[in-house]
Amino acid sequence: MPRPIIGVTCSVDAEGDSSPKPRAFLNMAYTDAIFAAGGLAQPVPIPERPDARLIAELIDSYDALLFTGGADVNPHQYGQIPHASTIAMHERRDVFEVEFFRAADAADKPILSICLGCQIASVARGGCLIQHVDDLPRKTAIEHHKPNHGTAYHDVEIATDSMLAKIVGRTRMEVNSRHHQVVDREQVGGSLKPVAFAPDGIVEAVEDQNKRFFLAVQWHPEDMIDRPEQLRLFAALVNAARKC
């Protein structure tokens, strides 16, 4: 049986060596995770001028989609002005990716979203974000990010009736953490159910069980695939793609 094709979204580096054109790049941890789970990873190119027809053709070329991490969603996407700490992703990616997500969601493609991808999932469905998690009053002080892009670690509690719990086979596990923006628990995107939480109540995963496969997590499982429960997230996406 051929491996299902998993489209993986790219980041943008605007500092080309000799060309004014931006460069797309992809952290190989994502593709390594897809290959390890039995899928065939393919980058999703970012069109300069995406239109509905081109986006539909792109979506048709993949069996499932992995939305990756990156810089911040531009707050204009959810009706806010930028926080002082907000560093919006490249405009070309920002314009494309929210619309691309909406179209993939409407087409009921299997979707796994990670970190920025989790935030895009909520924004694409009309939700809002907390632009800087450190501004929130929290009773339990834990780190969600470290200086200079360092990685923190903490546990998450997972709802027992969630798809996520069924996939990982547990209701509590350790995750990595390097994000300063989070899904706003009071304004989660339409029909998305928060199913995992950090000890301070921050939303760590959302899902839609009415979809073929729709799971978004705030941590970076691609960097933890040596742990079986993290690799199972990618295996679940690949298995959903096989059923398409």
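Is serine 191 buried or exposed? At 60% relative accessibility, serine 191 counts as exposed. Buried here means under 20% relative accessible area, exposed means over 50%, and partly exposed lies in between (1.4 Å probe, protein chains only).

## Basis of the model

This is a predicted model: local features need pLDDT of at least 70, side-chain atom pairs count only at pLDDT 80 or more, and totals for chains, interfaces and linings use all residues. Residues are numbered from 1 along each chain as its sequence is written, and side-chain values use heavy atoms, with hydrogens and water left out.

Helices (H or I, at least four residues) and strands (E, at least two) are DSSP runs, numbered from the N terminus. Two strands pair if DSSP finds at least two bridges between them.

## The sheet

Nine strands build an open sheet with mixed pairing. Their order is S4-S1-S5-S6-S13-S12-S11-S8-S9. Strand S4 (40-44) and strand S9 (172-177) are the edge strands, and each pairs on one side only. Neighbouring strands are turned by 25° against each other on average, direction ignored. Axes for such angles are lines fitted to C-alpha atoms, for helices over the stretch in contact, and angles run from 0 to 180 degrees between N-to-C directions.

Alanine 152 stands opposite serine 177 in S9.

Strand S13 (residues 214-217) is covered on both faces. Phe214 and Ala216 are buried on one side. Leu215 and Val217 are buried on the other. Strand S6 (residues 111-114) pairs with S13 in the parallel sense over four bridges. There, serine 113 has alanine 216 as its bridge partner.

Strand S12 (residues 203-207) pairs with S13 in the antiparallel sense over three bridges. S12 and S13 form a hairpin with six residues between them. Valine 206 stands opposite alanine 216 in S13, and alanine 205 has valine 217 as its bridge partner.

S11 and S12 pair in the antiparallel sense over four bridges. Alanine 196 has alanine 205 in S12 as its bridge partner. The hairpin of S11 and S12 has five residues between the strands, and glycine 201 takes a positive phi near 90° in it.

## Pockets

Rolling a probe the size of a water molecule over the atoms shows where empty space is left. On a 1 Å grid over the protein atoms alone, a pocket is an open set of points where a 1.4 Å probe fits, with protein on both sides within 12 Å along at least five of seven lines; lining residues have an atom within 4 Å of a point. Grid points are joined across faces, edges and corners, and a volume is the space filled by probe spheres set on the points.

The largest pocket holds about 880 Å³ of space. It has 34 lining residues, and Gly70, Ala71, Asp72, His149 and Arg178 are the closest to its centre. Strand S2 (11-13) and helix H4 (116-124) are the elements that give two or more residues to this lining. By class, the lining has eleven nonpolar, 18 polar and five charged residues. Ala, Val, Leu, Ile, Met, Phe, Trp, Tyr, Cys and Pro count as nonpolar, Asp, Glu, Lys and Arg as charged, and the others, Gly among them, as polar.

The second largest pocket has a volume of about 190 Å³. Its lining has 13 residues, with Leu136, Arg185, Asp200, Gly201 and Ile202 nearest its centre. Seven of the lining residues are nonpolar, one is polar and five are charged.

## Single residues

Serine 191 sits in the loop between strand S10 (182-183) and strand S11 (193-197). Serine 191 has a positive phi of about 70° although it is not a glycine. Cysteine 115 also is not a glycine, and its phi is positive at about 55°. Cysteine 115 lies in the loop between S6 and H4. With a relative accessible area of 5%, cysteine 115 is buried.
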